[in-house]
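Welcome, and thanks for taking a look at this model with us.

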Amino acid sequence: MINLPIFPIVIPALAAIIMMFMPKRVVIQRAMALGALVLTLIVSLFLVHTVSIDGIQTLNLGDWMAPFGITLVSDMLSALLVTTSTLLTLFVVWFAVHYFFESYEGNYLYVAMLFLLVGVNGAFTTGDIFNLFVFFEVFLMSSYVLIVLGGRGVQLRESIKYLLVNIIASALFVMSVALLYSVTGTLNLADLAMKIPLIENQNVITAIGVMFIIVFGMKGALVPLHYWLPGAYVVAPTPILAMFGALLTKVGVYSIFRTYTLLFDGNGTFLQTFLMVLAVLTIFIGMTGAIAYNDVKLIIIYNIMIAVGVILYGISVNTQTSLEGSLYYLIHDMLIKAVLFMLVGMMIGITKSGLLRDMGGLITRFPMLGWTFFVAALSLAGIPPLSGFFGKLLIVSGGMDEGELFAPILVLLSSLFVLFSVMKIFMYGFWGEAKREYDGPLAPFAKRLVIPVFLLLAVSVAYGFGAEWIHPYITQAIEPLVSPEIYIDAVLKE
Amino acid sequence: MEVFISIIIGVLTMCAVYLVLSRSLLRIIIGTALFSHAAHLLVLTTAGLKTGDAPVLVHGVTDYTDPLPQALVLTAIVISFGVTAFFLVLAYRTYQELNTDNMEEMKGTETYD
Amino acid sequence: MKRKSKPVNDVILQTAAIIIFFIIVIFSIDLFFAGHYSPGGGFIGGLMTSSALVLLLLAFDSQTLKTVLPIDYRLMTATGLLIALGTSLHSIFWGRPFLTHAYDKFHLPLLGEQTLHTAIAFDLGVYLVVIGVTMTIIQTIGESE
């Protein structure tokens with residue numbers, strides 16, 4: 001099966017296209033979306049299995065040789081991320097089936113969600129930097145559609161800002177690609193990794209590296225570029241917010257992961273320091289936001305930034321241990337953020353308010369919701385043996401090994417702030433007396449809605465308990481990043 | 001030729017920045033379109049401009065224009081065409097919904113309505 | 001709708017538009033087929049066809065265009081995407097990499113020796129998508145007036 005890497009991209013695309021023919025047949029759409037996602041999940045698990053046995057899988061589209069044509073590369077890193085994103089899209093769609101009204105679902109909702117997954121999976125799989133841009137645009141287009149669905153005034157207002165930021169980021173992306181092409185004459189990641197060290201003037205590469213970090217940082221909400229994130233995300237409906245929070249920022253992080261380790265790690269310490277400073281600032285601003293707000297959605301949104309900062313810190317340290325930690329934490333964070341966003345969305349749907357001061361006593365009526373949230377909160381904060389712990393442990397020990405002290409301590413401190421911010425939601429939201437009769441639109445459906453969330457949380461808990469079993473996969477994913485020769489050989493074989 | 005085009009790219013970017021920073025939504029959209037144009041021109045220019053050479057059409061050509069940037073630029077143009085069109089529709093809908101195209105009036109911090 | 005509020009005499013535009021419409025469409029089809037070896041192709045052809053449709057839209061109104069050409073442009077987009085993806089997918093069943101195209105020379109009646117290429121089907125998909133998307137967007141803005 002030489003075509004294996006393309007299937008996680010093509011299956012959702014094909015399902016979405018067929019669904020476009022019957023936008024108003026909501027029941028068929030739900031079934032098709034869920035079916036396609038289950039199929040994609042099976043294929044991507046098979047892909048992980050194949051990669052773990054046979055090594056990196058590559059596919060030269062249209063039979064054009066590797067550095068010239070479009071290459072798809074499924075190494076363990078991309079296979080694992082593809083599997084994770086498919087898994088959580090499956091649960092989010094399941095959640096959305098119960099969450100939305102039919103009139104809302106009839107507006108190409110599932111089509112856009114599947115195309116989002118197409119873009120995300122494509123971005124994880126692609127082996128050249130221009131197609132990274134193309135897949136970025138695919139999922140951005142879907143995200144534009146998803147964020148304006150519903151068409152409330154506030155939503156439209158924030159969508160404009162979201163769109164504007166992303167259009168400018170895309171133009172910068174094209175510019176960075178142009179500069180990279182002018183210097184190296186190639187856009188294939190493996191070929192670039194080979195040619196960049198040979199360039200005499202490494203300062204040019206550093207400048208291009210900074211541009212790429214700006215571009216990906218805009219998507220991933222790195223600190224000076226994070227200003228769009230809270231406003232744009234807070235207006236999106238819950239399932240869509242769950243997908244955005246779990247997937248979109250993480251694609252930016254993945255892109256930094258890939259390009260930084262593969263292309264830009266060989267030239268001096270400037271980029272490393274640059275990335276490290278940005279990561280630390282991101283953690284810091286994220287912490288401030290997470291404890292400052294009284295709005296449950298905003299608290300979790302600022303927690304995204306903490307996670308991004310922690311992962312990027314691991315990347316900037318750039319050793320086997322810290323990168324393993326980053327990848328482990330990245331996958332953990334994708335799962336747990338989706339869980340948390342769906343949970344706070346349910347809280348808002350039940351109480352008809354996003355503010356903590358209007359909530360309270362939810363646990364007496366919705367015990368399942370409360371305890372799911374409790375476990376998810378502990379997991380986010382990184383209480384062992386839940387999944388957040390091992391990633392942070394590896395990142396911190398990786399940083400310590402390199403003789404750093406300040407940043408690892410900040411990472412540990414951030415856990416405390418994370419714990420504080422989510423426990424604040426738990427205590428004010430679930431404990432105490434009910435302030436009034438909760439009659440929000442979601443109240444009657446809470447039992448059904450909590451099932452997919454609970455199952456996704458179960459996956460995340462299993463991910464934490466099975467850390468020992470998953471570790472070989474993570475190690476295999478990081479190997480090509482630490483020694484790019486493995487990646488280069490796999491892509492440019494012969 | 002490259003220098004001349006580089007200056008044009010600079011001017012385009014300058015106009016784009018000016019327009020994006022203005023208050024009217026329509027000007028902002030035109031600004032983003034100009035910014036994309038600048039990026040596309042940059043792709044063509046950085047790959048080296050050659051006048052008088054054709055792309056590869058037959059076997060055995062030794063002197064030809066690099067076809068890859070043209071392919072890249074076409075893709076980028078298609079994408080920016082789609083995004084700009086979407087942006088226009090969004091701006092129009094927003095104008096209908098909020099009765100303003102002034103970004104100053106679109107600041108707002110309230111998140112639920 | 002517009003014409004009720006403000007009666008204008010656009011006989012010249014309307015008469016010319018009908019003729020020019022066909023000229024543009026024929027030229028766009030020519031561009032579309034030229035696309036394989038020379039400048040042209042699905043995207044440009046599609047844009048030109050939709051510009052012809054926009055010309056009709058300007059000369060008459062959206063209601064007239066709907067009666068003359070009762071096409072659901074969203075379905076057109078979906079069809080185009082399906083054709084494009086289908087042509088890319090066919091190679092999977094032959095065990096070749098995704099997007100691999102097949103071509104051969106055929107002797108067609110009247111046209112003589114011609115090469116047929118599956119890429120043309122892919123381009124047809126692009127052509128339909130471009131018309132579909134452009135017209136959907138223009139109608140979305142135009143109809144709500």
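Let's begin where chain A meets chain B: 29 residues of chain A and 30 residues of chain B take part in this contact. On the side of chain A that touches chain B, helix H6 (129-148) and helix H7 (153-184) of chain A each contribute at least two residues. H7(A) gives the largest share of that side, with 17 residues. Sorted by class, the side of chain A that touches chain B holds 20 nonpolar, five polar and four charged residues.

Chain B also touches chain C, with six residues of chain B in contact with six residues of chain C. Here the side of chain B has four nonpolar, two polar and no charged residues.

The two sides described by class can be set out as follows.

| Side | Nonpolar | Polar | Charged |
|---|---|---|---|
| chain B, touching chain C | four residues | two residues | no residues |

Now a look inside chain A. Helix H5 (residues 109-125) of chain A has 17 residues and spans 24 Å from its first C-alpha to its last, close to the 24 Å expected at 1.5 Å a residue. Because 17 of the 17 residues of H5(A) are buried, this helix is largely enclosed by the rest of the structure.

Please keep in mind that this is a predicted model. Chain B has a mean pLDDT of 85, with 88% of its residues at 70 or more. Where pLDDT is low, the predicted coordinates should not be read in detail.

Notes:
Residues numbered from 1 in each chain as written. Chains lettered and ligands numbered in written order. Predicted model: local features only at pLDDT ≥ 70, side-chain atom pairs only at ≥ 80, totals over all residues. Contact = placed C-beta atoms within 7 Å. Nonpolar A, V, L, I, M, F, W, Y, C, P; charged D, E, K, R; others polar. Helix = DSSP H or I, 4+ residues; strand = E, 2+ residues; numbered from the N terminus. pLDDT = per-residue confidence, 0-100. Expected span 1.5 Å × (residues − 1). Buried ≥ 20, exposed ≤ 12 C-beta atoms within 10 Å, placed from the backbone.
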